[in-house]
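Please look through the following structure before reading on. The paragraphs after it go from the whole chain to single residues.

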Amino acid sequence: MREKLTLWALFCLALVLLPSPTASVAVMSVDLGSEWMKIAIVKPGVPMEIVLNKESRRKTPVAVCLKENERLFGDSALGVSVKNPKVVYRYLQNLLGKTAENPQVAQYQKHFPEHQIQSDEKRGTVYFKNSEEMQYSPEELLGMVLNYSSGLAQDFAEQPIKDAVITVPAFFNQAERRAVLQAAQMAGLKVLQLINDNTAVALNYGVFRRKDINSTAQNVMFYDMGSGSTTATIVTYQTVKTKEAGTQPQLQIRGVGFDRTLGGFEMELRLRDYLAKIFNAQKKSKKDVTENMRAMAKLLKEAQRVKTVLSANAEHMAQIEGLMDDIDFKAKVNRAEFEALCTDLFDRVPGPVEQALAASEMSLDEIEQVILVGGATRVPRVQEVLLKAVGKEELGKNINADEAAAMGAVYQAAALSKAFKVKPFIVRDAAVFPIQVEFSRETEEEDGVKGIKHNKRILFQRMAPYPQRKVITFNRYTDDFIFHINYGDLSFLSQDDLKMFGSQNLTTVKLSGVGNSFKKHSDAESKGIKAHFNMDESGVLLLDRVESVFETAVEEKEEESTLTKLGNTISSLFGGGSSEPSTNVTEPVQDEEEVPPEAGKDQDEAVEKPEESAQEKPETEEKSQGKDSKAESQTEEKKPDKEGTDKDEPQVEKEAEKSDEGKTNGVKEDEKEADKKPKPQKKSKISVDIGVEMEVNDVPDPSPEDIEASKKKLQDLTDRDLEKQEREKTLNNLEAFLFETQDKLYQDEYLAVVTEEEKEEISGKLSAASTWMDDEGYTAGTKELKEKLSELKKLCKAMFFRVEERKKWPDRLAALDSMLNHSTIFLKSAKMLPEDNQIFTEVELKTLERVINETMDWKNETVAEQEKLSPTEKPVLLSKDIEAKLSLLDREVNYLLNKAKFAKPKPKPKPKDKNSTSTESNKTSSTDSEKVVSPKDETEGVEEAKPAEEPPTEENRKETETEQKVEEETEGTETSENSNSENHVSDEL
């Protein structure tokens, strides 16, 4: 029975490892900015490449246009925004994970007053209401954009793509990150990781400078000013030792500073309002241009263009045709006026730099280089202020400011994918906002009065590296209780940032089953309630599980038999163990870290140790091993699997070690030693899973039903778009066929192949179809249009066939005549070869001659028969038959040519000499492998012996003997050599 199970397991494993023929191996990345998105892909044979959109541009606007029966994206949507801004949705990033009371929602409404933003009573978030039927949340609109990006990537890669890495701003909190994941889920994308855009830029910078990274730490600051926000990031590059891949380069995020509202879009809004003020001052219209949403959309588009031009020119003319009431607008704007409008914005440029330095506890002297990223850093005034703030000689511009994040993210996508193997580059990202656990418990004072003590323990401090697992142990609870997961100290944020940040309370966790676990294991020693937390690669905090842990003393079990151990070892090979993370995935500092439990010490002291242990300084392999051993000496030990079991882990490890010793020393010796010593007491660990009920406090997640409803809504829109595209394509094909065919009926080559009756029938059908198109065709369905087109093509098929055949005859017949001539000349030349030099057999030559004759006869007969037929009749001379004859003749000739190409020339026969008889008798008496030849005619013998080839093994074995003796070849020897040579050539061919 066990053998059958083992064979079945091997068979299942083989099936799992077999590659799926339909599996997609390409991966993509989306650099999701507030105004633009850049898409990159990696597929076999195409290393990291930016995807071009339908307009062949390398970046695509993040914009969605939703009409009643049409949906547009990118540049097409922007084109509609000038005519009808109400149906175009942009800058969606500012509304993700925000409640209706968030200041950024009010700011968005101020920037885009044409949109009707409503509050979602169920979740407290917002949604866009265009009509009663058209209501979409920001997550759904972003899902449409991501679905569109996936379509662009698939068209570019020419294969399906579902795996993606998406960039998000480093300052995104938990609610905002979950919102992006929900949007990707609605779009049908599998998110491998949400990577911070500053981390993606740093990865791209490091990958292409791998050789410059060494054990000495190099600190680089990336200053990223995009359209909607600004981020400054301090990154440390150096090589570190890893257990899996040896010494590898590593980047570590040391400090992050940001400004959520400082960017190029705010500058464009200032310039738009300035242009509107100029237009009103010109008093060409009695109306206020600011009250006309369409005119303001035109001004915003012109302001974006003018801002870009002013980055390279001192002044420029802003002009718009028909701005309002058919009134043209024209005004000159210079760079000084633009900079005066944005003075307060430029004063905020150094802010993120100072925040990043404070977070990293570094000074500007330790920063080797400041590198510019993002489109808004091209504004000259921004560079001047920043250069003065950092005190460097110059700012680094040695990275693609637009595409660096997309390229870094797609490198990470390739590293996370199982289909590609990339050079390891360790990424240690950092959590910008600290997270802590809060709980309360009853205390009893000295006078007997009971009170409630509120405790806080930091899970992840500010700039703590992730992904990382943490465990918190609650030692003083014996019944069900509640604890809270909240953000930690956010005093480094300004008051405006705190308002935009949203709720500081993340989750309320209610535990059930604690009391039952204590009743069930009342005789065991409690080791506390352990909550296992995980901050994954996307920076999202998860509560993996909560368990109640007990220890009990048990006698050591008897040693298992060798056969049982071997069976357990084999079965473990097929177990569902978790795979090790790739070396390119962000590396956790520790596998699972125990947060010290509350003790009689001061609470502040209890929290210091995990902070120190989570420091981001690179450690050598020896130090990390020391930490692991130290962690093992504490009461907390990480379990190998995620489910609570009643097995004793140390015991399992010891048993595995003993099984190895048992293989070499024998089981009997261990049993004898065990009999002599008394059986020691061992501690057995018992884990009981605790029920967890979580209540989200910041922004509630949509229910699974809501997610499915949104996915269906998006899929219906996609199906509608595809159906519309199919109908438009069929309609265009039908119109083109009608016009082209009607025109062809008056061309001589078509008139020659149709009878008068056929012409009248085709012309009548085409005219009827044209009339139908004008009356009903433009409102007809796709199926009806396809049927009409198929009917017309069937009617004209014979006419088109005759014309196409007559067009192909001249070239095909000329090629056939040429091939016949060349083949005939080749055959004559082959037959004229002397018999001694003939390399072709008689069968081969006769075969070629037969093919030539058959082809020539077929051609003459078919051409003669075709000439007897009328052009209006079905032809008997077909181009496909001519091509078949050409292919057959070409194959035969090429076969003989290849044979001649690789044939070896025959050696010339040597004239007979007087010693031929004696040497021939010597030849017959000796073997081929060993010859004794008299040293006569020594020079001639050496020269003529070269074509003869001795077997290689014998030649090596008799090398010394053949060097000392000289062979004298006779006529009989030459004859055998020639025979051997011919056989050799034949074998090769």
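**A walk through the model**

The protein holds 31 helices and 30 strands, where helices (H or I, at least four residues) and strands (E, at least two) are DSSP runs numbered from the N terminus. This is a predicted model, in which local features need pLDDT of at least 70 and side-chain atom pairs count only at pLDDT 80 or more, while totals for chains, interfaces and linings use all residues. Residues are numbered from 1 along each chain as its sequence is written, and side-chain values use heavy atoms, with hydrogens and water left out.

Of the 989 residues in the protein, 45% are buried. Here buried means under 20% relative accessible area, exposed means over 50%, and partly exposed lies in between (1.4 Å probe, protein chains only). Contact means heavy atoms within 4.5 Å. Among contacts between residues at least 6 apart in sequence, 73% join residues at least 24 apart.

The largest nonpolar core has 132 residues. A nonpolar core is a set of buried Ala, Val, Leu, Ile, Met, Phe, Trp, Tyr and Cys residues joined through side-chain atoms within 4.5 Å. Which members of the largest core touch the most other members? They are Leu146, Phe222, Tyr237, Phe474, Phe483 and Phe533. Apart from this core lies another, of 46 residues, among them Ala232, Ile327, Ala356 and Val370. Leaving aside residues up to four places away in sequence, Tyr237 touches Ala202, Tyr205, Gly206, Ile213, Thr216, Ala217, Gln218, Val220, Phe222, Gln250, Leu251 and Phe425.

Ala202, Tyr205 and Gly206 are among the buried residues of helix α6. Eleven of the eleven residues of α6 (residues 197-207) are buried, so this helix is largely enclosed by the rest of the structure. α6 packs with helix α13 (residues 404-416) at an angle of about 80 degrees, their axes 7 Å apart. Axes are lines fitted to C-alpha atoms, for helices over the stretch in contact, and angles run from 0 to 180 degrees between N-to-C directions. That makes α6 roughly perpendicular to α13; angles under 35 degrees count as roughly parallel, over 145 as roughly antiparallel, 65 to 115 as roughly perpendicular and the rest as oblique. On the α6 side the contact is made by Asp197, Ala200, Val201, Leu203, Asn204 and Val207, and on the α13 side by Ala404, Ala405, Met407, Gly408, Ala409, Tyr411 and Gln412.

Two further helix pairs can be followed. The axes of helix α4 (residues 138-157) and helix α5 (residues 174-187) come within 8 Å and cross at roughly 55 degrees, and the two are therefore oblique to each other. Their crossing is right-handed. A crossing is left-handed if the near helix is turned anticlockwise from the far one by less than a right angle, and right-handed if clockwise. Leu146 of α4 is one of the residues that make the contact, as are Leu142 of α4 and Ala183 of α5.

Helix α21 (residues 704-744) and helix α23 (residues 756-775) pack at about 140 degrees with their axes 10 Å apart, and are therefore also oblique to each other. The crossing of α21 and α23 is left-handed. Residues making the contact include Leu734, Phe737 and Leu738 of α21 and Leu766, Trp772 and Met773 of α23.

Some backbone details remain. Most residues other than glycine have a negative phi, and most peptide bonds are trans. Met463 has a positive phi of about 65 degrees although it is not a glycine. Is Met463 buried or exposed? Met463 is buried, with a relative accessible area of 2%, and is found in the loop between β21 (450-460) and β22. Asp325 lies in the loop between β16 (315-324) and β17 (327-334) and is partly exposed, with a relative accessible area of 44%.
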